[in-house]
Amino acid sequence: MAETRLEKLRVAVVGASGYTGGEVIRLLLEHPHVELAFLSAERSAGAQVGAVHPWLRNHPGAAGLKFRPLSELPDVDVAFSCLPTGALPERLPLLAERAKRVLNIAGDFRLRDPHEIATHYPNTAAHPPQEPFAYYVPELSTAVPGSRFVNLPGCMAVTTIYALHPLLAADLAATRVIVDAKTGSTGGGRGGNEPPAERAGNFRVHKLHGHRHAPEIHQALGEFTGASLDLQFSTHSLDVPRGIMVTAYARLKPGVEPLDVKRAYAKAYVGKPFVRVRPAPKTPQDFPMLKAVIGSNVAEVAVSVRDGECVVVAALDNLIKGAAGQAIQAMNLISGFDEAAGLPRTAVSP
């Protein structure tokens, strides 16, 4: 069962100077059950939060908040790790000593296969954790993690999981699936080295084969649905700051009707406030789109069937539902809070 608390959680944000760290801070500043006890950023140690994240400087709760070295981490209830991939394994012993629970947003401890870990996360292979990490998807994981170490899914991975889970859980489609995922520039982190002039007005291939989210998708959908996918996963870069759009293509099994698919998606996400299934889209605007989700913790999903071919579209904000918001949603569920505490449901536009 989830923990139930009345007093505020003492929370640390580690690696708090990046885009994801900034979003965790921004959302937690509005959380009714959280005290921001510690923010770490080695290169920004001593700086005010508003100097590193100017979009936070006018929030009254940010006044006086400063970044500090990780070595000064006090005892806390929850530590959100927003460190770049590869950085947590060497720092985990310190977090394990001083945090009752660690929620990791980077990819270091998502995979279980030793070969895949060595291929995609070599620093994890060199520094295995003292305790196993639970892989936790708020809408799909049916129990509170037994481990105090929790890893959240990758942003493109979880978008794909939301798109395909109902289809595979109901055994409606063949295992050969093709996924085309498109991501905004913040997916590369604040330290990305792609010049804006090369991304602006452009749409390009990111990775057609070998993306590290592919084995994660295969692992997660296998564990949640029992399906063994034959997955082609390719990614592209969008000229937008935030957002992920996934289009997945599958062939339905003989005898499966469009109504079966519609019912499977409705059943899968009933009562799930942050995954919204779009009703029978008729026009392009009815389908999931970035403008409908950016700034919110909501993922939109829609499915279209014709002549046995199934196309699923899903969209979310990579920094919120794909990272910071998803982690806070997990904290809420694990701690016995309202699942939606501190999380936005509406998008921002234009």
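This is a predicted model: local features need pLDDT of at least 70, side-chain atom pairs count only at pLDDT 80 or more; totals for chains, interfaces and linings use all residues.

What follows is a conversation about the terms used for this chain.

Biologist: What makes the chain as compact as a globular protein of its length?

Modeller: The chain has 10 helices and 13 strands, which are DSSP runs (H or I over at least four residues for helices, E over at least two for strands), numbered from the N terminus. Its radius of gyration is 20 Å, close to the 20 Å that the globule rule gives for 350 residues, so the chain is as compact as a globular protein of that length; the radius is taken over C-alpha atoms, and the rule is 2.2 Å times the number of residues to the power 0.38.

Biologist: Why is G295 called buried?

Modeller: Buried means under 20% relative accessible area, exposed means over 50%, and partly exposed lies in between (1.4 Å probe, protein chains only). G295 has a relative accessible area of 14%, so G295 is buried, and its place is the loop between β11 (275-277) and β12.

Biologist: Which residues is G295 in contact with, leaving aside its neighbours within four places in sequence?

Modeller: With those neighbours set aside, G295 is in contact with D317, I320, P344, T346 and V348, where contact means heavy atoms within 4.5 Å.

Biologist: Why does T124 count as buried?

Modeller: T124, which belongs to helix α5 (residues 122-126), has 6% relative accessibility and therefore counts as buried. Its side chain reaches the backbone oxygen of D108 at 2.8 Å.

Biologist: What makes a group of residues a nonpolar core?

Modeller: A nonpolar core is a set of buried Ala, Val, Leu, Ile, Met, Phe, Trp, Tyr and Cys residues joined through side-chain atoms within 4.5 Å. The largest one here has 44 residues, of which Y162, L167, V179, F233, V261 and V312 touch the most other members. Among the elements that give two or more residues to this core are α6 (155-169), β7 (173-183) and β13 (309-316), and α6 gives the most, with 10 residues. Apart from this core lies another, of 40 residues, including L27, A62, F274 and A340.

Definitions and conventions: Residues are numbered from 1 along each chain as its sequence is written. Side-chain values use heavy atoms; hydrogens and water are left out. A polar contact is a pair of N or O atoms within 3.5 Å; within protein, one must be able to donate a hydrogen and the other to accept it, and residues adjacent in sequence count only if both atoms are side-chain atoms.
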